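Please look over the sequence and the model before reading on.

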Amino acid sequence: MKKFSNQKDLYWNPMMETLSLERLRELQVKKFRKILEWAYKRSKFHRRLYQEAGLKPGDIKSYEDVVKVPKVEKAMMRDIQRKDPFPYGDALCVPLEEVTEFRQTSGTTGTPVYQPDTWQDWEWWSEAWAYILYAQGYRRTDRVFLPFGYNIFVAFWAGHYAAEKIGCEVIPGGVLDTEARILKIQELRANAMMATPTYVLGMADTAKKKLGIDPARDLTIRKITCAGEPGASIPSTKQRMEEAWGAKVYDHIGATEIGAWGFECIAQPGGLHVNDALFLVQLEDIETGEIIEEPGRKGKIVITALDRMAQPCIQFDSKDVAEWAKDPCPCGRTFRLIKGVVVGRADDITKVKGVLIAPSAIEEVVRSIKGLGDEFEVVVTKKGDLDDITLKIEILPDAEGNRETILSQLKDQLRLKTNLGYNIDVHPFNSLPRYEVKAKRFKDLRKHN
Ligand SMILES: [Zn+2]
């Protein structure tokens, strides 16, 4: 891929984003020690954790030492928050009166975790998002529409503030319904948008069916930033979104407890840059715990948010799995590049008929076949002692004539990419559930049978 002509204007923070790896490491270790010391002094939870491991903040002297620091998991945060003092337990590192923001995790994997932030933390959130949006081409001349429910979930809140920080004009499309949002985008000629992949596809569908609007032709959205699901990093799903909207679609990755720690840039290199200025991200070998630096080897993602103060995120075990990319990105950033998709939550990967399967692999197949609708559902049950897996799909009305070809393509590709045979259930078009937030397309009913 060609180098970009106006290289300097690609970066939100040109100094940090082109710093050598050695300098970035130095800075990360320095900041890591600082946040560790902060948590050690101010939170009983962290102090206990480190004392039990026989560790003092001063023991961390190098990048390699970081691995000695015990991991924090979501479940630990959940437990600590059920204890006094209310409501955050003794993981909170600032006096309660300094907390200005409350958000919580979506609770898809259990009881939600609360996330307190100070005003300074909230500013940090938008700084992290400013890196993302600037890298994806957001500038002062953009008019950005946010079609999401502004509520207790972090979602695109920080994206809103980051767009303002860059100087964009921001339209909060909060409680409007999907049709009203589409009409507002049309009326105001918004040219950028942030939403989950599921909603991006759902909106295009509603625009066409209910309003007779073809987003690619009739609307002016030219860049879309996704979050919440891996879709924008799955090539076939990205392509569907880009075709439906006539727009560039970019991914980002983050979590409520961590922050927005990675992003795709305009080069669309088939992966995500880690924000090495604000986070320390390491990949650990799942079995040995060894730090993985070389490309092509999958590891568990462990993350520290280097500047988050109220409820620090230090050595957080994200349960996600990824690998480093081989080649540097044409955009010229020195921020490291993660290859392809961050493989679902490690928790989502499950064994069916003895084969390990990630729901994103099924999505990749379904979305790559022309003539299939965007919605699908996977249901795993037990028939006697055997696992049984059913894929529910929709065929587009104008593709009904090719039904047999489509179904045989689908079966072949599924077998090839996931090593499993499925029962295929074709449902009438528009009858499978549509999701606005995180889609629940993978249903494992084996435990209940
Ligand atoms: Zn790049």
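Donors are N, O and S atoms within 2.8 Å of the metal (3.2 Å for Na, K and Ca); water is not among the atoms, so sites may look incomplete. This is a predicted model, in which local features need pLDDT of at least 70 and side-chain atom pairs count only at pLDDT 80 or more, while totals for chains, interfaces and linings use all residues. Residues are numbered from 1 along each chain as its sequence is written, and side-chain values use heavy atoms, with hydrogens and water left out.

**Zinc site**

Cys265 (SG), His273 (NE2), Cys329 (SG) and Cys331 (SG) coordinate the zinc ion at 2.1 to 2.3 Å. Along the chain, the donors follow the spacing C-x7-H-x55-C-x1-C. Cys265 sits in the loop between β9 (259-263) and β10 (271-274), and Cys331 in the loop between β14 (316-322) and β15 (337-339), so the pair ties together parts 66 residues apart in sequence. The donor angles are 104 to 119 degrees, which makes the arrangement tetrahedral (four donors, all angles between 85 and 135 degrees). Both Cys265 and Cys331 are buried. Buried means under 20% relative accessible area, exposed over 50%, partly exposed in between (1.4 Å probe, protein chains only).

**Strand β11**

Strands are DSSP runs of E, at least two residues; helices are runs of H or I, at least four; both are numbered from the N terminus. Six of the six residues of β11 (residues 279-284) are buried, so the strand is largely enclosed by the rest of the structure. In a regular strand the side chains alternate between the two faces of the sheet. On one side of β11 are Phe279, Val281 and Leu283, on the other Leu280, Gln282 and Glu284, all buried. Two strands pair if DSSP finds at least two bridges between them.

| Partner of β11 | Sense | Bridges | Residue pair |
|---|---|---|---|
| β13 (residues 299-305) | antiparallel | six | Gln282 and Val302 |

**Nonpolar cores**

A nonpolar core is a set of buried Ala, Val, Leu, Ile, Met, Phe, Trp, Tyr and Cys residues joined through side-chain atoms within 4.5 Å. The largest has 85 residues; Phe32, Trp129, Met194, Trp261 and Phe279 touch the most other members. Helix α5 (residues 119-135) gives the most to this core, eleven residues. Another core, of 24 residues, lies apart from it and includes Phe145 and Ala195.

Key
Four donors count as tetrahedral if all angles lie between 85 and 135 degrees; four count as square planar and six as octahedral if opposite donors are over 155 degrees apart and all others between 65 and 115; anything else is irregular.
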